[in-house]
Amino acid sequence: MKTVIKLNVNNVEHELFVPLHKTLLEVIREDLGLTGTKHGCELGECGACTVLVDGVPLLSCITMPVDVQGKKILTIEGMGSMSKPHPLQTSFTELGAAQCGYCTPGMLLTSKALLDKKAAPSRDEIKAALSGNICRCTGYLKIFDAVELAARRMHDHDCCGAGGSACHGGEVPA
Amino acid sequence: MKENFQVIGKSHPRVEGMSKATGTAQYTADISFPNMLFCKLLRSPHAHARIISIDSRAVQAHPGVVDIMTGTELTKSFGVLPVSKDEHALAYDKVRYVGDPLAAVVAVDEATAEAALALFKVEYEILPSFMSVEEALQPTEDPIHTYTRRGNISKEVNLEFGDVESGFAQADHIREDLFYYGASTHMAMEEHATIATTDDQGYLTVYSSTQTPHYLHKAMADVLGKPAAHIRIIAPTLGGGFGGKSEPFSHELVVAYLACKTGRTIKYVATREEVFYIHRGRHAVLMRLKTGVRKDGTITAMQYTNFVDGGGHASFGVATLFYTGIMATTTYKIPHYKFDGVRMFTNKPPAGPKRGHGTPQPRFALELQLDKIAEELGMSPIDLRMVNIVSPNSITANHLRITSCAIAECIRRVDSASGFSEKRSSLPPGKGIGFAMSSYLCGAGLPLYHNPLDHSQVMVRIDRSGGVTVYTGSTDIGQGSRSIHALLVAEILGLQQEDIFTISADTALTPVDLGSYSSRVTFMSGNAAIKAARELRGFIAEAVAKKLETPLKDIIFHNGQVMDRNNPGKTVTFPEACTLAEDHAGPLVTVGGYKPPELAGPFKGSGVGISPAYSYSAAVIQVDCDAETGLVTVEKVWIAHDIGRVLSLENALGQIHGSVYMGLGEALMEEQVTRGILLKAPSVLDYKTPTSLDMPPVESIFVEEPDAAGPFGAKEMGQGPILSVMPALVNAIHNALGVRIDELPATPEKILKALEDKAKGGSGRYGKTTEPSFQFSKPRKVARPWDSPYGEQEPYVKWQPEQSEVA
């Protein structure tokens, strides 16, 4: 059975006619063509499919689209771009925090949610925030470093030169 | 000699780094084509069964199903090693493990294909299954495979170098232990995926998550019976490999076959559960190790015996078995050495190569036993190692040629950084510190199929605007090989890493490379890239020297300029220089090749373990163990790696961190085991891996003693650093609690049992106490190099910079 759903993804309103059983992950990847969101287990265990829903990290593989209608969904494509990356995307790239890169979109969105809530988290807070995102390449250490580096840059506005005004960190303003 | 590098040794972002951080990197599963179909595989629910019949009428009648396939349609066998081609695109005679694929369905979408799978009616005759090495060793009328003609024996190896009995006779002290190393799996984050399509010439193009496009290309041409020129294999961005994607797979052949048959584009993406059953991970190994030493700790002889649980196919298993028995000698001088090993087929998902390939298991045994011997001799674990370590430019009893070797320096550095020598007797109860060391190859000395050709070729091409493109057949599986190629070429041409465009892993575009396995890419493909770039540099330098009327020897490439080193005013830009060179020498395209030297010893089996160079590692791990719960908290890891030369700093650190992480997972929690005939943990949740909360800080120490044959002196770093981690961790548990855990993973349950045993007055050991009864064949006796004229060694040459490149 199909149903009409309305999703706001990366500040774009979509009206879709999709089978009811389709997960948010499947809709994002297959119907919207946003393949930056990865599937690693499709059981809510690995964190690769993490998206932000109203700023909160959510596992899109176990989320039903009907439940997130009317909310703001952010995927990795909405976090920044090659030409205007979020400071986290820059620091992940610079420090080699993405090796194979498959867990990276989920790691980045989870990190963004953390930094949006807390500008200068401790390493323990970073570790706790990322504990639901599995990475098999990096041993996590460069990821922690990259989150800390981005936090420092965002605090100092090295990233955007905003000089005191709110740092958007590359995010598309609402 | 001043080593004044422009880009080598510095921090560089990956060439494709930002594409991964922005989600634009395209992995195989991300790729779609118009009008694409989806494939699903029917997998066996039985561990061992004969296929009597497959009724697919209901499947074919199912709306949305386009085609189906069963094993009898494609019966040519394949397997990554030519000696053990025991796989088929789909099983048609029998199934050999739960998860063995036997039928395929292609439908308009994934859900339809999935639903249609349930409509296959398969009649099986269930056969007795062999779920352990012990069971597999029992005499049987119905072995898993028949081609080896020896029951369920996949391979047996028996080699003796020197005479172990005379070696043991010279020992003052002999120790013998049983060790068990449990199986684990890669669990790369990207699930295996393949897309097969037809190009505008009507030829087959296959996108697949493979570490070895070349071997897949060969297997596909062979099994499908098509000319290789009509098949193109592309490995898109890979989401990790660790050895798990380094051989041709059933799904790749099925999808390619069905794409040809239907004329449609077909996609297959494994589910996470399927990936666990595809497996090819670490072999479980039961080991007996016997070592004789003199009072001063000098090893006089070593005898190593092991039983290897292979699962349902050979995979790389013949090589794995050899690897378990040959690498002890690359770290320690062992004058007499004997190895008996047997790999058994069992009705489990096939084991194969995982980071370290066959060497972590014996390394675990060896480093634990040396710790015990040191204790018995009243020596420090480090002194015992120092007495026995191999020397640079030496040869081992089993004919492995050692060139550069900085293990002594690794040991000293890691000891002093960690304070191991002081801490081992001074930490409070519950805290402990452990040491271990290891060695690994920089690429296998022989290809997987016999041929006399280059192992790697790299093409470098410069366009009319001075744009440089590197074409390499190697797959960037996440280890950063594309960036390393760009870096090496940039260094030689006086450019930056980001100036180089890279194309990799496409059999139609890139020259041959054997694949991303055995830590061979930086060393072998890197050397090929250097050769190609140096030839181009030569053309350009000649043309510029002529133009600037400067002696050729004075031309240098620096910061995008080609100039006279003595006269900075005489300079042309790199693009201008390329125009001059094209005018002077013709098209600016070169291909460099690399083939390792011929190193195989004079005996059968000598092809495994040889390598143009060996890396060395030493690790110290500090733990805090809770004697109430058996929980181990890793407080810190220090690791020193003899890398030869750091090429790209962040990349090198990433490989160390990743190795330490994966090693801790294997040491503490990761277990790929069966419960009945099923896997116990075929999911990311149940298969426990370390999370961000479990990862300790790591202090990485690079020991840079350039290897004469390495690219700018570099050696491998992707696998070597894992090997010391597992034994150092378990030695640390002993230092903390006084118990010996002779079995991995060292779970809290095992630690508690060992503590219980100790409390009752026992030895405080947890581990196997029995081994299967098996009569090993008589060993092939091989004379050691120094017993015979074999040992002619080339003089050791130190690494030298290329004179023309010294700025």
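This is a predicted model: local features need pLDDT of at least 70, side-chain atom pairs count only at pLDDT 80 or more; totals for chains, interfaces and linings use all residues.
Trainee: Why is B:Val106 called buried?

Mentor: A residue is buried if 20 or more other C-beta atoms lie within 10 Å of its own, exposed if 12 or fewer, and partly exposed in between, with C-beta atoms placed from the backbone. B:Val106 has 27 other C-beta atoms within 10 Å, and therefore it is buried. The residue is found in strand 5 (residues 101-107) of chain B; helices (H or I, at least four residues) and strands (E, at least two) are DSSP runs, numbered from the N terminus.

Trainee: Which residues does B:Val106 touch?

Mentor: Contact requires that the C-beta atoms of two residues, placed from the backbone, lie within 7 Å. Leaving aside residues up to four places away in sequence, B:Val106 touches B:Leu37, B:Cys39, B:Val66, B:Asp67, B:Ala113, B:Leu258, B:Thr262 and B:Ile266.

Trainee: What makes helix 7 of chain B mostly covered?

Mentor: Of its 13 residues, 10 are buried. Among them are B:His251, B:Glu252, B:Tyr257 and B:Leu258.

Trainee: How do you know that the span of helix 7 of chain B is close to the one expected?

Mentor: The expected span is 1.5 Å times one less than the number of residues. Helix 7 (residues 250-262) has 13 residues and reaches 18 Å from its first C-alpha to its last, close to the expected 18 Å. Just after this helix, B:Gly263 takes a positive phi of about 70°.

Trainee: Why are strand 21 and strand 25 of chain B said to stand at the edges of their sheet?

Mentor: Two strands pair if DSSP finds at least two bridges between them. In chain B, 4 strands form an open sheet in the order 21-20-19-25, with mixed pairing. Strand 21 (500-504) and strand 25 (589-594) each have a single partner strand, so one side of each is left without a neighbour in the sheet.

Trainee: How do you know that strand 20 and strand 21 of chain B pair?

Mentor: Strand 20 (residues 468-472) and strand 21 of chain B are linked in the parallel sense over 5 bridges, and the definition asks for at least two. Within this pair, B:Thr472 stands opposite B:Ser504 in strand 21 of chain B.

Trainee: Which helix packs on this sheet?

Mentor: Helix 14 (residues 481-493) of chain B does, touching strand 19 (456-462), strand 20 and strand 21 of chain B. Its direction makes about 140° with that of strand 21 of chain B; axes are lines fitted to C-alpha atoms, for helices over the stretch in contact, and angles run from 0 to 180 degrees between N-to-C directions.

Trainee: How is chain B divided into domains?

Mentor: Domain bounds come from an automatic or database domain assignment. Chain B has domain 1 (17-23 + 454-594), domain 2 (31-127 + 189-240 + 245-278) and domain 3 (284-446 + 602-766). The C-alpha centres of domain 1 and domain 3 of chain B are separated by 37 Å, and their contact takes 16 residues from domain 1 and 21 residues from domain 3.

Trainee: How many residues of chain A are in contact with chain B, and how are they classed?

Mentor: Contact involves 42 residues of chain A and 42 residues of chain B. Helix 3 of chain A gives the largest share of the side of chain A that touches chain B, 5 residues. Ala, Val, Leu, Ile, Met, Phe, Trp, Tyr, Cys and Pro count as nonpolar, Asp, Glu, Lys and Arg as charged, and the others, Gly among them, as polar. On that basis, the side of chain A that touches chain B has 21 nonpolar, 14 polar and 7 charged residues.

Definitions and conventions: Residues are numbered from 1 along each chain as its sequence is written. Chains are lettered from A and ligands numbered from 1 in the order in which they are written.
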